[in-house]
Amino acid sequence: AALVVVGDQKGRVGFGKGKAKEVPEAIRKATEQAKRQMVRVPLKEGRTLHHDIAGRHGAGKVVMRTAPEGTGIIAGGKK
């Protein structure tokens, strides 16, 4: 199983979950679902979140945090 979060760098984000016998296939299914279910997220100064957001699905966790300009994307880790 796979949990995937995608964004378009224009204030839209989506998540999807996929299940398959092979990991790449599960990731592909999750990515397709995430792209179909994107929602608009209000941005502060047009570039970052207003506050930190945490979500869970089963054993998976997703944390989105505010960041200073130029930080870029940081994925993974335990924090």
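Glu25 comes out as partly exposed in this predicted model, with a relative accessibility of 29%. Its salt-bridge partner is Arg28, and the N to O distance between the two side chains is 2.4 Å. Arg28 is partly exposed too, at 36% relative accessibility. Both residues sit in helix α1, which runs over residues 23-36. Arg28 and Glu25 are three residues apart there, or about one turn of the helix.

Side chains of opposite charge can pair when their charged atoms come close. Another case is Asp8 with Arg12, whose side chains meet in a salt bridge at 3.2 Å, N to O. How accessible are these two? Asp8 counts as partly exposed because its relative accessibility is 27%, a value that falls between the 20% and 50% cut-offs. Arg12 has a relative accessible area of 34%, so Arg12 is partly exposed as well.

Arg47 is partly exposed, at a relative accessible area of 35%. Glu45, on the other hand, counts as exposed because its relative accessibility is 61%, which is over 50%. Then there is the matter of shared partners: salt bridges of this kind link Glu25, Arg28 and Glu32 into one network.

Terms used
Residues are numbered from 1 along each chain as its sequence is written. This is a predicted model: local features need pLDDT of at least 70, side-chain atom pairs count only at pLDDT 80 or more; totals for chains, interfaces and linings use all residues. Side-chain values use heavy atoms; hydrogens and water are left out. A salt bridge is a side-chain nitrogen of Lys or Arg within 4 Å of a carboxyl oxygen of Asp or Glu. Buried means under 20% relative accessible area, exposed over 50%, partly exposed in between (1.4 Å probe, protein chains only). Helices (H or I, at least four residues) and strands (E, at least two) are DSSP runs, numbered from the N terminus.
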